[in-house]
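Please look over the sequence and the model below before reading on.

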Amino acid sequence: MHRIESGSGSPVVLLDWTPWQSSVLADALAVQYRVISIEPPDGDNVPALAQSASEAAASVAEAAGVDSYSLVGVSLGADVAFRLALARPEAVAALALVSPACIAPAESPNWDTPAQAADAMLAHPETASTGAPDASRTAGLAALAKRWGSTEGDAASILPDLACATLAVFGQEDRLVSREAGGVWKERAPNCNVCYVYDAGHAVAADRPDALVNVVLDFLERRETFVVENRSSLINP
C-alpha cells in the first residue's frame with residue numbers, strides 16, 4: 001500500500017476504496033485537515049483478509065508520523081477501517097464509514113468490469129454524470145470483495161468492542177448491503193450514528209458528493225456531540 005498526502009491540520013486517514021479514483025472527499029477534507037490517503041493493495045500484495053489489510057494500513061499511517069487521527073473508510077476501505085479502529089483504539093479518535101459492507105452484505109452481483117461496477121454501485125447508472133470506473137482498480141477491488149466475503153465471518157459480533165465515536169453512512173439505494181445493516185450498526189456499536197443519503201447507491205460520493213462531504217465534515221468536527229437524531233437521518237437534496 002502507498003499513501004498520498006494533501007492539506008494541513010489535524011490528521012485524517014482516508015481509505016477511499018471504490019472503483020472510482022475520485023478526489024472529491026480527499027479534496028474537501030484537505031481544506032481543513034492533513035489528509036493521508038491510503039490506496040488499496042494491488043498485484044501480488046493483495047491480503048487474504050480485511051484484518052491483514054487493516055494491519056498494513058495502520059503501518060502506513062504510522063510511517064506518516066501520526067499516532068492519533070480521525071479515520072474515514074469508503075466501501076471496502078470502510079471494512080478495513082472498521083477493523084483498524086478495533087485493533088488500534090488508542091490511535092483512532094473518530095471513525096466515519098461510508099457504505100460498509102461487512103455487516104449484512106447483500107448477495108453481491110458481479111462487478112468485475114467498469115460497466116458492471118457502475119450498474120451495481122450507482123443509483124441511476126443510466127443517467128449518471130460521474131466518469132467511468134477505472135478498469136484495473138475495478139478488477140482488483142472486485143477480487144478483494146469476493147475473497148473477503150468468503151473468509152471474514154460474523155463481523156457483527158465484534159461491533160460492541162468499537163470504542164470511538166462512529167458514523168455509518170449508507171446510500172438509500174445501496175444494492176450491495178442489506179437494508180438491515182444500518183440497524184445493526186446503530187444497535188450494536190456503542191457510540192454510532194447512522195445516516196442514509198437519499199437517491200444514492202453504494203458509491204455515495206459518485207451519486208451525491210455534496211451530501212456526503214457535508215455529513216462527514218460535520219461529524220469529524222463534532223465527534224461525540226454529533227447526534228443525528230436532532231435532525232432527519234435521511235440526507236435529502
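V72 stands opposite A96 in β5, where strands are DSSP runs of E with at least two residues, helices are DSSP runs of H or I with at least four, and both are numbered from the N terminus. This is a predicted model, in which local features need pLDDT of at least 70 and side-chain atom pairs count only at pLDDT 80 or more, while totals for chains, interfaces and linings use all residues. Residues are numbered from 1 along each chain as its sequence is written, and side-chain values use heavy atoms, with hydrogens and water left out.

The strands β4 (residues 69-75) and β5 (residues 92-98) pair in the parallel sense over 6 bridges, pairing being assigned if DSSP finds at least two bridges between two strands. Together with helix α3 (residues 76-87), β4 and β5 make a right-handed β-α-β unit; right-handed here says that, with the strands pointing away from the viewer, the path from the first strand over the helix to the second runs clockwise. A96 also has a partner in β6, namely L167, and β5 is joined to β6 by 5 bridges, again with the strands running parallel. Because 6 of its 7 residues are buried, β5 is largely enclosed by the rest of the structure, where buried means under 20% relative accessible area, exposed means over 50%, and partly exposed lies in between, with a 1.4 Å probe and protein chains only.

Which strand pairs with β4 over 6 bridges and includes L15, the bridge partner of G73? The strand is β2, which runs parallel to β4, and its residue L15 has G73 in β4 as bridge partner. Strand β2 (residues 11-17) is itself mostly covered, with 6 of its 7 residues buried. It is also joined by 4 bridges to the parallel strand β3 (residues 34-38), where the bridge partner of V13 is I36. With helix α1 (residues 24-30) between them in the naming of the unit, β2 and β3 make a right-handed β-α-β unit.

Helix α3 can be followed through one of its residues, A81. A81 is buried, with a relative accessible area of 0%, and, leaving out residues up to four places away in sequence, it touches L15, L71, G73, L95 and L97, contact being defined by heavy atoms within 4.5 Å. The C-alpha atoms of A81 and S54 are separated by 6.5 Å, although these two residues are 27 residues apart along the chain.

Another helix to examine is α6 (residues 181-188), whose buried residues are A181, G182, V184 and W185. Seen down the axis of α6, these buried residues fall within an arc of 160°, so they line one face of the helix; the arc is that of the directions from the helix axis to the C-beta atoms. The buried residues of α6 pack against α3, β5, β6 (residues 165-171) and β7 (residues 192-197). Among the contacts of W185, setting aside neighbours within four places in sequence, are F82, L97, A168, F170 and V194.

W185 also belongs to the largest nonpolar core, which has 56 residues and in which Y69, L71, L95 and W185 have the most contacts; such a core is a set of buried Ala, Val, Leu, Ile, Met, Phe, Trp, Tyr and Cys residues joined through side-chain atoms within 4.5 Å. The largest share of this core, 7 residues, comes from α3. A second, separate core of 30 residues includes L25, A211, V215 and L217. In soluble globular proteins, nonpolar side chains tend to be buried together.

S75, found in strand β4, has a phi near 60°, a positive value in a residue other than glycine, and it is buried with a relative accessible area of 5%. S99, placed in the loop between β5 and α4 (residues 114-121), likewise has a positive phi of about 60° although it is not a glycine, and at 0% relative accessibility S99 counts as buried.

For the chain as a whole, there are 8 helices and 8 strands, and 50% of the 237 residues count as buried. Among contacts with a separation of 6 or more, 76% are between residues 24 or more positions apart.
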